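I opened my notebook for a friendly walk through this fold. Come along and check each stop against the view.

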Amino acid sequence: MLLGEILEFAPPEVRRILDATVGLGGHGFALLSAHPNASLLAFDRDGSALELASKRLSSFGGRVEFRHGDFRDGLSGIPPQSLCYAIADLGVSSLQLDAPERGFSFRFDAPLDMRMDPRGGRSASDILNTASEKELEHILTEYGEEPKARAIVRSIVMERRTRSTWTTSAFASLVRRDARGRPGLDPATRAFQALRIATNAELQDLDRGLERLAELLRPGGRLAVIAFHSLEDRIVKNLFRTLRRSGGFELLTPKPVVPRDREARANPRARSAKLRVIEKRASVAAS
């Protein structure tokens, strides 16, 4: 997604790249191909994605190092000012959305799991059955901006008295009874987004994780972040604004870059993508 733009915003000289969310390896493949002297450190919480990315990037051999986990928890061993280019493609991937058994999409009837890393943590079904009414309302309101949050929560609490596990279809049907969607938008969309964000703690410490990536950049290095909904993009926008005001960074995208019409038509999921890029000033090295 926004592959051409990610390549265009790469610094002139690229030696060390960090992909915080490698996914299927598309960005990594393009960058390593364009910069034959570069190496890639690739993070992902999803073991299935890492397995597929490792196959896709196998031709680059030792130029790629994979780490299974959240980049926010795995940056401590990276030397300061060692990264030329860091990229983060936030949100859920096509791999996850298109796998019925992962429970991310109401297009399929499946257990409501939604965990990007299935190795641990509460599933979305667990959250629906164990979270307090206050917590559930907070999730739907803050992460989904759902105007019918209170009514949906009341229905969840009633339903979970007799339901031990949830499926995507069961949750979607419940939400549709109480919520209204905008024209062309399924009423369950907001609630599914909210529950997914809560299940994976997607916004927790996101600003600090991205700030840490910015700190690890070498002078002239760049951080590129792709966000897919207003909550993520607001965090990125505010962080980049703070970094620019500190005097150590230059904002290369005064306005977010969005997919060209051709990409948006070919991939409807790309329509909401927004890319923001920031560069560490060379003067930072002397400060």
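**Ground rules.** I am working with a predicted model, where local features need pLDDT of at least 70, side-chain atom pairs count only at pLDDT 80 or more, and totals for chains, interfaces and linings use all residues. Residues are numbered from 1 along each chain as its sequence is written, and side-chain values use heavy atoms, with hydrogens and water left out. Helices (H or I, at least four residues) and strands (E, at least two) are DSSP runs, numbered from the N terminus. Two strands pair if DSSP finds at least two bridges between them.

**Entry: β5 and its neighbours.** I looked at β4 (residues 83–89) and β5 (residues 217–227) and found them parallel, joined by six bridges. Leu 83 has Leu 217 as its bridge partner in β5, and Ile 87 has Ala 224. I then followed β5 to β7: six bridges again, but this pair runs antiparallel. There, Ala 227 is bridged to Lys 274 of β7.

How many of the residues of β5 are buried? I noted eight of its eleven, so I call the strand mostly covered. Buried here means under 20% relative accessible area, exposed means over 50%, and partly exposed is in between (1.4 Å probe, protein chains only).

**Entry: helix α7.** In α7 (residues 149–159) I listed Ala 149, Ile 152, Val 153, Ser 155, Ile 156 and Val 157 as buried. The buried residues of this helix pack against α5, α6 (133–144) and α8. A reminder to myself: an α-helix has 3.6 residues a turn, so residues three or four places apart point the same way.

**Entry: the aromatic cluster.** Which residues form the aromatic cluster? I found Phe 106, Trp 166, Phe 171 and Phe 192 in it. Rings of Phe, Tyr and Trp (its six-membered ring) pair if their centres lie within 6.5 Å; planes under 30 degrees apart count as stacked, over 60 as edge-to-face and the rest as tilted. By this rule I counted four aromatic pairs.

Phe 106 and Phe 192 are edge-to-face, 5.1 Å centre to centre with 85 degrees between the planes. Phe 106 lies in the loop between α4 and α5 and Phe 192 in helix α9, so this pair ties together parts 86 residues apart in sequence. Phe 106 is partly exposed at 25%, while Phe 192 is buried at 4%.

Phe 171 and Phe 192 make a tilted pair, 5.4 Å centre to centre and 40 degrees between the planes. Phe 171 belongs to helix α8 (residues 168–178) and Phe 192 to helix α9, so the pair links parts 21 residues apart in sequence. Phe 171 is buried at 1% relative accessible area.

I also checked for charges over rings, where NZ of Lys or CZ of Arg must be within 6 Å of the ring centre and within 35 degrees of the ring normal. Arg 163 has its charged end over the ring of Trp 166, 5.2 Å from the centre. Arg 176 sits likewise over the ring of Phe 106, at 5.3 Å.

**Entry: the loop between α4 and α5.** Is Arg 102 buried or exposed? At 11% relative accessibility I count Arg 102 as buried, and its place is in the loop between α4 (94–97) and α5 (124–130). Its side chain makes a polar contact of 2.9 Å with that of Asp 46. A polar contact is a pair of N or O atoms within 3.5 Å; within protein, one must be able to donate a hydrogen and the other to accept it, and residues adjacent in sequence count only if both atoms are side-chain atoms. Leaving out residues up to four places away in sequence, Arg 102 touches residues including Ser 48, Gln 96 and Met 114.

Met 114 is in the loop between α4 and α5 too, and is buried at 0%. I noted its phi near 75 degrees, a positive value in a residue other than glycine.

How values were computed:
Contact means heavy atoms within 4.5 Å.
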